[in-house]
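Dear colleague,

I am handing over a structure that you have not worked with before, and I would be glad if you could look through it. My notes on what was found follow directly after it.

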Amino acid sequence: MNARPTVRRANGRPATRALVLGGGGALGIGWEAGLLAGFAEGGVVFADADLIVGTSAGSLVGAHLALDLDPADALNSVAAFGAALDAGHLEVALPALLDAMAKAGTGESPEQGLRALGRLAVEAPTIAEERFLGMVSQLDGSAWPSRYACTAIDVETGTLQVWEAGAGAPLPRAVASSCAVPLTCPPVTINGRRYMDGGLRSPLNADLAAGHDRVVAVSCFPLSLPEGVGDPAFSPSVASQEAELNTVRERGEAVEVIVPGAEFLALSGGGATLMDAGRAGDAYQAGLRQARLEFDRIRAVWHG
């Protein structure tokens, strides 16, 4: 890795920087990889981060970045995912998942709802766990990057698990667990317990970056609706993510959020078709183009 430039706070102390990569399915992997490539072309290299937090799609892209691998290589996992579904004659169970998540949201606590969803995830017919793990085989043998963390949910307790150096999880299994979308992908076994997609707690989990001075968060979902448009299912998630971001803002110096531009919103159907593995390459190109539009704003926060 190239020498990391030092960014300093007004008091002269070195500033710490964090990158948060949110969940967003197969298209989210492509879009986030394209964004990172586009920013790197102009000299904003997020591999310099003091912390990289990934959730679901972001866990895979973030692992490549933290390992100094080309994030675009994460598209190989998307292709393998699509091939596995085709070979198993399985479909992405998005309507069933949304219904299950809505029911889980009626529990007495978030953990209770997630435990109920975890039971469904364990019982659902999916591709085999070992085949699912094969989709992240490019990470096999890699040591855990000290500045990388990813998220998952324990299916039995419904609690958040943050995988990081020293947590005792092999990197490929940790990343796979963060990407294990219930009802389509199998929960992943780590140290005798099973884990599912970290995006079920939050698509961003941005609060894990609290305490860092400069933070860039990438959301594969819009964080607001057009004026005058309301959606009861959308509002609680947005409010939760805004609360996370406010936690980061209260303890940091500068925070910027990248949300989908018009091109990616159209490609992903506003979030409805994020699991369309066949269009991940198009999402990558959309990310490249959006990075060029966002470049000056993001460079200002990352380089000070």
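How many of the residues of helix α2 are buried? Ten of its ten residues are, so that α2 is mostly covered, where buried means under 20% relative accessible area, exposed over 50% and partly exposed in between, with a 1.4 Å probe and protein chains only. Please keep in mind that this is a predicted model, in which local features need pLDDT of at least 70 and side-chain atom pairs count only at pLDDT 80 or more, while totals for chains, interfaces and linings use all residues. Residues are numbered from 1 along each chain as its sequence is written, and side-chain values use heavy atoms, with hydrogens and water left out.

To begin with the whole, the protein chain has ten helices and eight strands, which are DSSP runs (H or I of at least four residues for helices, E of at least two for strands) numbered from the N terminus. Of its 304 residues, 52% are buried. Among contacts (heavy atoms within 4.5 Å) between residues at least 6 apart in sequence, 77% join residues at least 24 apart.

Helix α2 (residues 57-66) has a partner in helix α1 (residues 25-41): their axes come within 8 Å and cross at roughly 35°, the axes being lines fitted to C-alpha atoms over the stretch in contact, with angles from 0 to 180 degrees between N-to-C directions. On the α1 side, the residues that meet α2 are Gly25, Gly28, Ile29, Glu32, Ala33 and Leu36, and on the α2 side they are Ala57, Gly58, Leu60, Val61 and Leu65. These residues divide into seven nonpolar, three polar and one charged, where Ala, Val, Leu, Ile, Met, Phe, Trp, Tyr, Cys and Pro count as nonpolar, Asp, Glu, Lys and Arg as charged, and the others, Gly among them, as polar.

Ser56, in the loop between β2 (51-54) and α2, has a phi of about 55° although it is not a glycine, and at 7% relative accessibility it counts as buried. Asp68, which follows α2, has a positive phi near 65°, and at 44% relative accessibility Asp68 counts as partly exposed. Most residues other than glycine have a negative phi. Asp68 also lies 7.1 Å from Ala47, C-alpha to C-alpha, although the two are 21 residues apart in sequence.

Not counting residues up to four places away in sequence, Phe46 touches Leu19, Leu36, Phe39, Ile52, Leu65, Val216, Ile298 and Trp302.

Finally, Thr151 in strand β3 (residues 148-154) is buried, with a relative accessible area of 0%. Its side chain makes a polar contact of 2.9 Å with the side chain of Thr55 (a pair of N or O atoms within 3.5 Å; within protein, one must be able to donate a hydrogen and the other to accept it, and residues adjacent in sequence count only if both atoms are side-chain atoms).

With kind regards
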